[in-house]
Amino acid sequence: MKSASNWREQHQNHFLKKERFQSLPNTASLLFYLTCLTILCSFYLIYYPTNIKYSTNTQEYNQTNTTAVVQPKNDSENCNLFEGQWIQDARGSLYTNHSCTTIPYKTNCFLHGRKDTDFLNWRWKPNKCDIPRFSPQTFLTAVKGKTMAFIGDSIARNQMQSLLCLLSMVETPKAVNKDADNRVTTWEFPKHNFTLMAFWSQFLVTSTERVINGSATGGFDLHLDRIDTNWSEKLPSIDYAVFSDAHWFFRQNYLYVGGNLIGCVYCQVPNVTDLGPIFAIKKAFRAAFKEINNCKNCKKIFTLLRTYSPSHFENGTWNTGGGCNRTRPIEREEVNEGGSDLEYRKIQVEEIENAKSAGEESGNMFEILDVTEIMSMRPDGHPGVYWGNRWMKGYSDCIHWCLPGPIDTWNELLFEMIKRKATETEAQL
């Protein structure tokens, strides 16, 4: 390929010849120079390099900025979706808090006064491939006739509500069921025969809030060997199950197996062993995945574990003035690696890997939707003070995620995993 300097030199020569052509005194010389010019132009068209790639935006091609036009090989079926970086994307969100009418009050950050929008102009870019922008129509076509359930705490519901907004760009969902305690929420997309559900189960196992002298304590009795039937009884109707849980384990809970107290979490009670939240999380997820593998009347369920979603309180905890006021992502190097977030993720991953091995005979499929490290770089995506809680004025919500917001990326990743699993299954047939 000719260098840029040679290319410029050619064009300078053309320009000089043109100047000489304008000063020629006779017709013979004019014909001679026209002939020479024609030969040079033909030579230029034949040998000028044709393999330069141009970006699809309005930026000019610049050899010193090859990252704008030269992409790595897009091996999307094999690349690790969860190793990468957040890059700027001026297209922003697919929906707004005006176009999506189902955004919950507490996560509608713009409704409560948030002014900055830069946190919407980022997308997750894996290192060795690219994720297509979420297509609601393609998603609904792929899951036609299926039922998807989000099972876990309020962040599980947060993700379901994000997906609801994304899909509503194509079809208006129909609210089918919402029980009195708001523990089960069901939406249908009739045109695509797709059902979307959320099961509120903050521990996945059976739990009862402890009451002392008639007052709720905020702590729970957890029966680690008894599944919450709120969701388990619905398993036969579910095709995709997305589990996520953890934050409710960080309180004063008492742990039971076989009806007997075996320990606690943060209880500081004499003669009761403090086993810590990791122990309780491990046992709860193990019980949940065992329930899926033991289900006799179930279809072949595709189960995904969405790993621990980090909170981002700075300068204090939730009740000591901590907040989350950032408006941009942070670099990987800025993430506090000394925290417990990766420990919670690790124990979840271990349990789903065990379930994956056990599920091979029954045909159940288990995968990891690994968002812990990805979201550790997004302290800008929480409601913060913009969550409209009149009873907790001044407190910040640095746990849940704004809608629209970076949590929409979870559903892009979810869809990519569904497509990969479908391709893998077809290859095995």
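The model is predicted, so local features need pLDDT of at least 70 and side-chain atom pairs count only at pLDDT 80 or more, while totals for chains, interfaces and linings use all residues. Residues are numbered from 1 along each chain as its sequence is written, and side-chain values use heavy atoms, without hydrogens and water.

I start with helix α7, residues 341-358. Helices here are DSSP runs of H or I with at least four residues, strands are runs of E with at least two, and both are numbered from the N terminus. From first C-alpha to last, the 18 residues of α7 reach 26 Å, close to the 26 Å expected at 1.5 Å a residue; that expectation is 1.5 Å times one less than the number of residues.

Which residues of α7 are buried? They are Tyr344, Ile347, Gln348, Val349, Glu351, Ile352 and Ala355. Buried means under 20% relative accessible area, with a 1.4 Å probe and protein chains only. Their cover includes α6 (276-293), β12 (302-306) and β13 (365-369).

Now the rings. The whole structure has 22 aromatic pairs, meaning Phe, Tyr or Trp (six-membered ring) with centres within 6.5 Å. One of them, Trp231 with Phe243, is edge-to-face (planes over 60 degrees apart), at 5.2 Å centre to centre and 80 degrees. Trp231 lies in α5 and Phe243 in β9, so the pair ties together parts twelve residues apart in sequence. Trp231 is buried at 0% relative accessibility, and Phe243 is buried at 0% too.

Finally, Phe134, Phe139, Phe189, Phe194 and Phe415 form one aromatic cluster. The charged end of Lys419 sits over the ring of Phe415, 4.8 Å from its centre; the criterion is NZ of Lys or CZ of Arg within 6 Å of the ring centre and within 35 degrees of the ring normal.

How values were computed: Buried means under 20% relative accessible area, exposed over 50%, partly exposed in between (1.4 Å probe, protein chains only). Contact means heavy atoms within 4.5 Å. Rings of Phe, Tyr and Trp (its six-membered ring) pair if their centres lie within 6.5 Å; planes under 30 degrees apart count as stacked, over 60 as edge-to-face and the rest as tilted.
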